[in-house]
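Me: Hey, can you walk me through this one? I'd like to start with a single residue and build up from there.

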Amino acid sequence: MMDGNAAQVADGVHKVRRSRGRRLLRLLGSACDPRAWAHLVKIVNFYNYTHLQELRKARLAPGVNISPTASFANGQNIEIGPRVTLGAHCQIWAGPGRARVVIGADALFAPDVMVTASGYRYNDGAPVTAQAMDEADVVIGADCWIGRGAILLAGSRLGRGVVVGAHSVVRGEFPAYSVIAGSPARIVSERLVPECGRAEWDATRPV
């Protein structure tokens, strides 16, 4: 008689391992499936209207480095300064009205950062998507470093050189060279840049 653990192992499920021939047949079947090609067209369309079309409307300074998987909304209200780097899957959503997203020179965005200059109201009725949106500018100073997965909400303003911790939720105004983290984000430290270095950087690398 087996004990409980032995019985559990005996009843375990193993992954089905296909032979090379079966994998080839699966590949041929996928290549001939019109649904796969229709989905590819959807992906191309999505990439066009969330990346290419919006970037054409945005104001981009020289030397910008943008991941091809980044997405944008309301590009006419987006301004990105020189030498900015946007990592994979970043989302930069300006407001549908007038709210802008302004990113200063040399800012660095890790992957999966989201910046939004608007948000739906939630007390005006239902469904949420039928309600009006509130919007406010998001201004990110030069030389800011935004950690992976951080979210910057409408009205956020970061001074020059601010560091934002990974997965922080940012709302409000934060002074230059502060280090912020948490949900909601708060100041946890200060970036140790020598005063002489700050002055030199400010003079040679303007926003």
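Me: Okay, E54 first. Is E54 buried, partly exposed or exposed?
Reply: E54 is buried, at 10% relative accessibility. Keep in mind that this is a predicted model.

Me: And what does E54 form a salt bridge with?
Reply: Its partner is K57, and the closest N and O atoms are 3.2 Å apart. K57 is partly exposed, at 42% relative accessibility.

Me: Where do E54 and K57 sit relative to each other?
Reply: Both are in helix α3, three residues apart, so about one helical turn separates them.

Me: How many salt bridges does the count come to?
Reply: Nine salt bridges. One of them joins the side chains of R35 and D33, at 2.8 Å from N to O. R35 is exposed, with 65% relative accessibility.

Me: What about D112, which residue does it form a salt bridge with?
Reply: That would be R148, with the closest N and O atoms 2.9 Å apart. D112 lies in the loop between β8 (108-109) and β9, while R148 lies in the loop between β13 (145-146) and β14 (151-152), so the pair ties together parts that are 36 residues apart in sequence.

Me: Which residues are linked in a network of salt bridges?
Reply: R121, D124 and D134 are linked that way.

Me: Switching topic. How many aromatic pairs does the structure hold?
Reply: One. The ring centres of F46 and Y49 are 5.7 Å apart and the planes are at 80°, so the pair is edge-to-face, because planes over 60 degrees apart count as that.

Me: Where are F46 and Y49?
Reply: They both lie in helix α3 (residues 34-57), three residues apart, which is about one turn of the helix. F46 is partly exposed with a relative accessible area of 45%, and Y49 is partly exposed with 40%.

Me: Now the inside. How many residues has the largest nonpolar core?
Reply: It has 33 residues, and F109, I140, I146 and L158 have the most contacts inside it. Strands β4 (78-80), β7 (101-103) and β12 (138-140) are the elements that give two or more residues to this core.

Me: What is I140 in contact with?
Reply: Leaving aside neighbours within four places in sequence, I140 contacts V102, I103, G104, F109, V115, I146, L152 and L158.

Me: And M114, why does it count as buried?
Reply: Because its relative accessible area is 19%, and buried means under 20%. M114 is in strand β9 (residues 114-116). Not counting residues up to four places away, it touches Q91, W93, A150, I151 and L152. M114 and W93 are 21 residues apart in sequence, with their C-alpha atoms 7.9 Å apart in space.

Me: Back outside: which residues form a nonpolar patch on the surface?
Reply: L24, L25, L27 and L28, with about 420 Å² of accessible area together. L25 is in helix α2 (residues 20-32) and counts as exposed at 61% relative accessibility.

Me: Last one, the whole chain. How many helices and strands?
Reply: Four helices and 20 strands. Buried residues make up 35% of the 207 residues. The accessible surface of the chain is about 12900 Å², and 58% of that belongs to carbon and sulfur atoms.

Conventions. Residues numbered from 1 in each chain as written. Predicted model: local features only at pLDDT ≥ 70, side-chain atom pairs only at ≥ 80, totals over all residues. Heavy atoms only, no water. Patch = residues over 30% accessible without salt bridge, like charges linked within 9 Å, V, L, I, M, F, W, Y side chains within 5 Å. Areas by Shrake-Rupley, 256 points an atom, 1.4 Å probe, with all protein chains shown as cover. Salt bridge = Lys/Arg side-chain N within 4 Å of Asp/Glu carboxyl O. Buried < 20%, exposed > 50% of the residue type's maximum accessible area, 1.4 Å probe, protein only. Phe/Tyr/Trp six-rings, centres within 6.5 Å; stacked < 30°, edge-to-face > 60°. Core = buried A, V, L, I, M, F, W, Y, C linked by side-chain atoms within 4.5 Å. Contact = heavy atoms within 4.5 Å.
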